[in-house]
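Subject: Structure for you to look at

Hello,

Here is the structure I promised to pass on. Please open it next to the sequence before you read my notes.

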Amino acid sequence: MLSAFLDRLRRFEAAATIAGFSCDPVSLASVPELAATITHLREVLGDQPYESLACNGEAMTTAAIVAYAYDQIDQARAELEAGPK
């Protein structure tokens, strides 16, 4: 799941936004990693900031979240290719 991957890369805001779009009972049941990712994001960001970011993701259209996800993937790829700072 993209949210878990972004969480591991410490891209917490993006992970929370994408989790907000994709979090529903079916996703939680079929992707066990999602619940753990959300718990971690709440710990790192705090409940209120997490909820705000997740609500932004939930409100996005499918086209908007896809464009956002591609942008986040491109940014993560560029950071990984650049290597450690």
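This is a predicted model: local features need pLDDT of at least 70, side-chain atom pairs count only at pLDDT 80 or more; totals for chains, interfaces and linings use all residues.

**Helix α2**

Start with α2, residues 12-22. This helix is mostly covered, with nine of its 11 residues buried. Those nine are F12, A14, A15, A16, T17, I18, A19, G20 and S22. What do they pack against? The partners are α1 (2-8), α3 (25-30), α4 (32-45), α5 (47-59) and α6.

**α2 against α6**

Helix α6 covers residues 62-82. Its axis and that of α2 come within 11 Å, crossing at roughly 155°. Angles over 145 degrees count as roughly antiparallel, and α2 and α6 are therefore roughly antiparallel to each other. Their crossing is left-handed.

Which residues meet there? From α2 come E13, A14, T17, I18 and F21. From α6 come T62, I65, Y68, A69 and Q72. Sorted by class, this contact has six nonpolar, three polar and one charged residues.

**The nonpolar core**

The largest nonpolar core has 17 residues. L6, A16, L41, L45 and Y50 have the most contacts inside it. At least two residues each are supplied by α2, α4, α5 and α6. Which helix gives the largest share? That is α2, with six residues.

Y50 deserves a click. Setting aside neighbours within four places in sequence, Y50 is in contact with A16, A19, I38, L41, R42 and L45.

**F12**

F12 lies in helix α2. Is F12 buried or exposed? It counts as buried, because its relative accessibility is 10% and the cut-off is under 20%. Beyond neighbours within four places in sequence, F12 is in contact with D7, H40, L41, V44 and L45. Take the pair F12 and L41: they are 29 residues apart in sequence. In space, their C-alpha atoms are 6.5 Å apart.

**R10**

One backbone angle to check: the phi of R10 is near 65°. That is a positive value in a residue other than glycine. Most residues other than glycine have a negative phi. Where is R10? It sits in the loop between α1 and α2. R10 is exposed, with a relative accessible area of 63%.

Best wishes

Technical notes: Residues are numbered from 1 along each chain as its sequence is written. Side-chain values use heavy atoms; hydrogens and water are left out. Axes are lines fitted to C-alpha atoms, for helices over the stretch in contact, and angles run from 0 to 180 degrees between N-to-C directions. Helices (H or I, at least four residues) and strands (E, at least two) are DSSP runs, numbered from the N terminus. Angles under 35 degrees count as roughly parallel, over 145 as roughly antiparallel, 65 to 115 as roughly perpendicular and the rest as oblique. A crossing is left-handed if the near helix is turned anticlockwise from the far one by less than a right angle, and right-handed if clockwise. Contact means heavy atoms within 4.5 Å. Ala, Val, Leu, Ile, Met, Phe, Trp, Tyr, Cys and Pro count as nonpolar, Asp, Glu, Lys and Arg as charged, and the others, Gly among them, as polar. Buried means under 20% relative accessible area, exposed over 50%, partly exposed in between (1.4 Å probe, protein chains only). A nonpolar core is a set of buried Ala, Val, Leu, Ile, Met, Phe, Trp, Tyr and Cys residues joined through side-chain atoms within 4.5 Å.
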